[in-house]
Amino acid sequence: MENFTYYSPTLYEFGRGAEEKVGMLMFLTGATRVMIVYGRNYAVKNGLISRISNSLDTIGIDHIDLGGVEPNPDDTLVREGIRRGRAAHIDGLLAVGGGSAIDTAKAIAAGIGYQGDFWDFFTGKAQLREALPIGVVLTVPGSGSESSGSCVITRKGDDGPEKLSLRTDSILKPRFAVVNPEMTVTLSAWQTAVGIIDMMSHIFERYFSVTTRVEVSDRLAEGLIMALINEAPKALADPTDYQSRANIEWASSLAHCGIVGCGRREDWVSHYMEHEISALYPDVAHGAGLAVVIPAWMSFMAHHKPSKVAQLGRRVFGVDERDDRTAAIEAVASLRAFFSAVLRMPLDFAGLGIDKPDIDTLVRHLHANHGESIGGYYRLSAADTRQIYELMLPQAKAPVE
């Protein structure tokens with residue numbers, strides 16, 4: 001285990017009726033005029049925005065709205081939010097929805113006090129040192145953005161879209177997260193499933209590490225994965241099952257709050273590779289893209305560095321094989337079966353609606369954004385990542401070392 005600093009300033013208000021406390025929670029951040037950031041009209045139609053507004057009014061907090069956040073959020077609405085926020089002199093953000101709304105609010109919170117282009121923080125041209133306080137009312141679990149200091153935005157440019165993440169230890173972590181599992185019962189099976197994939201991916205990115213003797217965080221990761229595997233079919237069979245929804249929603253926060261990554265190096269290549277897919281093909285949901293990327297990445301690792309994949313197989317899926325490579329191959333098969341048979345997720349480019357993926361462009365953009373050699377668990381060249389993208393083609397076979 002390596003040295004680490006862990007700090008989580010997020011207060012969780014979890015359970016039935018939690019949204020009624022939004023006004024007081026926002027007051028405790030010190031904000032007096034906030035921007036409510038949300039997606040399409042669902043939160044308006046079901047009365048949630050109205051209830052939140054009333055809660056803020058009761059406590060005496062002024063507010064303005066910024067609706068219209070789309071999946072895979074881009075810089076257009078972020079820039080509009082920064083412009084409107086400055087004009088209205090806001091001093092806090094309240095995100096209502098899932099990861100897209102939360103990440104948009106985070107980018108606005110980062111950019112509103114900065115004199116340059118907020119995108120400078122994403123490219124590394126500037127370092128984020130302060131941001132407006134952010135609160136969250138979570139309605140779509142999966143991204144874990146309610147518990148993390150990270151956000152992902154796509155910039156639309158003349159050279160094509162560029163999807164990058166900004167990760168901070170604490171600056172962009174929400175001050176509070178309101179989590180009422182009852183607000184998720186209307187999610188479709190598809191929305192539930194892609195969220196679960198996203199949660200699992202956040203765990204895998206930390207689980208696959210070169211750091212040894214991290215038994216505590218290994219077991220935390222494995223326990224969360226096992227809990228999701230157990231609860232997913234229950235929630236899909238009965239969307240009104242409060243207890244399953246509650247367990248899944250809490251797993252979402254724990255998966256990305258940083259606790260699983262304490263004391264270990266992390267990977268994040270699967271996310272980088274998926275970001276290129278959903279940047280080039282914006283109709284691809286992040287979780288669906290990860291359902292294709294993760295098994296392909298693990299399949300490559302089963303033939304190049306199988307030890308941790310084998311451990312996952314033995315501890316989580318009950319694989320009974322002594323040979324690491326064989327155990328790893330069986331682990332990937334078990335994961336694919338769960339993604340496909342239980343979650344009904346695609347497993348290849350064709351399942352994502354991409355008949356002729358532009359792998360040349362995906363590889364080029366991936367390494368232009370993240371370097372010639374990428375990955376914390378296993379260093380990958382452009383030739384390696386090309387092989388992994390090719391494993392996402394229908395009927396592809398894993399390369400042998």
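A: A salt bridge is a side-chain nitrogen of Lys or Arg within 4 Å of a carboxyl oxygen of Asp or Glu. The model is predicted, so local features need pLDDT of at least 70 and side-chain atom pairs pLDDT 80 or more, while totals for chains, interfaces and linings use all residues. Residues are numbered from 1 along each chain as its sequence is written, and side-chain values use heavy atoms, without hydrogens and water.

Q: How many salt bridges does a search of the whole structure find?
A: Side chains of opposite charge can pair when their charged atoms come close. The search finds 21 salt bridges. One of them joins Lys 21 to Glu 13, with the closest N and O atoms 3.1 Å apart. Glu 215, Arg 219, Glu 222 and Arg 315 are linked in a network of salt bridges.

Q: How far apart are the closest N and O atoms of Glu 231 and Lys 234, and where do these residues lie?
A: An α-helix has 3.6 residues a turn, so residues three or four places apart point the same way. Glu 231 and Lys 234 form a salt bridge with a closest N and O distance of 3.6 Å. They are three residues apart in helix H8 (residues 215-237), hence about one helical turn; helices are DSSP runs of H or I with at least four residues, numbered from the N terminus.

Q: Which parts does the pair Asp 360 and Arg 386 tie together?
A: The closest N and O atoms of this salt bridge are 2.8 Å apart. Asp 360 lies in helix H14 and Arg 386 in helix H15, so the pair ties together parts 26 residues apart in sequence.

Technical notes
Helices (H or I, at least four residues) and strands (E, at least two) are DSSP runs, numbered from the N terminus.
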